[in-house]
Protein chains: 2
Amino acid sequence: MFSDTILLAHGSGGRMTHDLIGEVFHRHLGNSLLAAQDDAAVWVLSSPGPERIALTTDSYVVSPIFFPGGDIGRLAVCGTVNDLAMVGATPLYLTAGFILEEGLPRADLERVVASMAAAGRQAGVKIVAGDTKVVERGGADLMFITTAGVGEVPKGVCISGANVQPGDVAILSGPVGVHGLAVMSRREGLEFSFPLQSDCAPLNGLVSEMLKAGGPIHCLRDPTRGGLATTLNEIAGQSRVEIEIDEVCIPVSEEVRAACEMLGLDPLYVANEGKLVAFVAPDAERPVLEAMRRQRYGQQAAVIGRVTCAHPGRVVMKTLFGAHRILDMLTGEQLPRIC
Amino acid sequence: MFSDTILLAHGSGGRMTHDLIGEVFHRHLGNSLLAAQDDAAVWVLSSPGPERIALTTDSYVVSPIFFPGGDIGRLAVCGTVNDLAMVGATPLYLTAGFILEEGLPRADLERVVASMAAAGRQAGVKIVAGDTKVVERGGADLMFITTAGVGEVPKGVCISGANVQPGDVAILSGPVGVHGLAVMSRREGLEFSFPLQSDCAPLNGLVSEMLKAGGPIHCLRDPTRGGLATTLNEIAGQSRVEIEIDEVCIPVSEEVRAACEMLGLDPLYVANEGKLVAFVAPDAERPVLEAMRRQRYGQQAAVIGRVTCAHPGRVVMKTLFGAHRILDMLTGEQLPRIC
């Protein structure tokens, strides 16, 4: 039975689930591991085998599911790829759990799955296992996706939020705040006179080139929910260091600055999904920065600050006017459901 | 700020998210990998390294989230552990993505997370990465959990739904239909005069003993959504064989039989979460069956049928009255949201 909307029976585990898996998931995501159709995907490790494996997960509840520059599917693939890249791992395989609301147009599901497939191809990862549940109308909001991912950590790479050292340089890969504002503008029906497209992108290629640049990279993190300010606070806490950043050095596009002013938001607290902040030893600043700027997703990379041992756990920003202010973690909720 | 219900700000990625992670997730699930608080958990592979890794995921939307014999947390851990065990893998690490509805009592979340921790201890797995999103009231139904898991596949183990061969014996680990009916009875407020408790349990210990028994195990699968009948159809299709089962040999408890009669349900289509069906070479029947019966979750194991090459893809059941009928895959939706 073909239906152009998702029905409860698509989540039954029976005939209609099997049809949906074949017609939508295998058609777009098809690969030999997924095709095995066993309860788990099994792959042979590279030889000589890796020493370390990385594992991560994120759930995506973004509303609306389609927004300028991306959709929930692209976000779910890029987010999990990026979480793996942020520990220096080479992302390999992803899983995807779908929770669908009864009545979701089947065409929307197909569009999202096709977008996941495209993002997977861009990042060089395969989606090898999945699951679909359907809840009755009103039991969920159209579609939620939870992706998990595994990757191999190359020998010698040791990247963690706890590894930042006094003297380290903080490098940001590009302008912040775009993703959160792109989603919000679509949701609230705001029309700006300028384009605002999510920066949602896989960063594993960028990270791979940064690692090849040679100098030690101590920490990588992508400032998603809570924005750059929250991410810096997490790192300052984990590494017991002070991070001093310079407002004038933080790339923020004119469009984001204007939109934030209109909406009373601070771009440093707005979510991103295609940016990273790196902490590198002083010697590595130049080679890493140059490597980043040669990459599509690092062209506007900039040094934004340095690490000291003054007040462990604190983030201080030198403002445009030369004053210093403490930059705290996000409190409350600035923009719900942007990822 | 402490709140005894979940607020949107708990999903912001900021201060309240961090507090919730510490007070609920780390407190119950705490382990060194989770404590690293990086974007992905990284572990060192056993030495000598495994050749093969298994990866799986499932989303859980069971309603109600607490039911006789279990809850959504225990289900999420057992389900993913079992999916790994069904390819013969030794489950190691799990991830958990939580989607919470604003207003969920914090005590309910704690109870579920504590239950996940207990199930993890029972199965010998650690939850090493997680994520929490909060959607506004009415945007989800209390709580959804998506778990993913990785395990190592021991050398020499080759288990797949595609490996069943004519002559193989089908062994079921115990009575079917309990989980689905336990959830449904709680949801519909049905009071039976007999106890009906979900069989939700981790089966990796049972599988480990079955593998040690020696004979070749060709296929393992846990009949969850769609029940035993659907699972047998999946396997018959994957292996291009006919499976003949004998109704009189299928263990069904008196309670499940009575409840199914009252409700007009067929126990062969009702979901389980603590049972498995194994296909083994004829020589392995006795040692595997004996190994199963020595285990807590295999005490009532029974041979339920055999594999032939008569009509590839078909499942036939010899009924209690001696007739043969084709057992098809579940069509439509029998019991929504039982997992």
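Domain 1 and domain 2 of chain A bury about 1800 Å² between them, in what is a predicted model. Carbon and sulfur atoms give 61% of that buried area. The domain assignment places domain 1 of chain A at residues 8-153 and domain 2 of chain A at residues 169-326.

**Extent of the interface**

- The centres of domain 1 and domain 2 of chain A, taken over C-alpha atoms, are separated by 27 Å.
- Contact between the two domains involves 21 residues of domain 1 of chain A and 22 residues of domain 2 of chain A.

**Polar and charged links**

- Eight residue pairs are in polar contact across the interface of domain 1 and domain 2 of chain A, with both residues at pLDDT 80 or more.

**The domain 1 side**

- At least two residues each come from β3 (66-67), α3 (72-85) and α4 (106-123) of chain A on the side of domain 1 that touches domain 2.
- The helix α3(A) gives the largest share of the side of domain 1 of chain A that touches domain 2 of chain A, with eight residues.
- By class, this side of domain 1 of chain A has 13 nonpolar, six polar and two charged residues.

Note on methods: Residues are numbered from 1 along each chain as its sequence is written. Chains are lettered from A and ligands numbered from 1 in the order in which they are written. This is a predicted model: local features need pLDDT of at least 70, side-chain atom pairs count only at pLDDT 80 or more; totals for chains, interfaces and linings use all residues. Side-chain values use heavy atoms; hydrogens and water are left out. Domain bounds come from an automatic or database domain assignment. Contact means heavy atoms within 4.5 Å. Buried area is the accessible area (1.4 Å probe) that two parts lose on being put together, summed over both. A polar contact is a pair of N or O atoms within 3.5 Å; within protein, one must be able to donate a hydrogen and the other to accept it, and residues adjacent in sequence count only if both atoms are side-chain atoms. Helices (H or I, at least four residues) and strands (E, at least two) are DSSP runs, numbered from the N terminus. Ala, Val, Leu, Ile, Met, Phe, Trp, Tyr, Cys and Pro count as nonpolar, Asp, Glu, Lys and Arg as charged, and the others, Gly among them, as polar.
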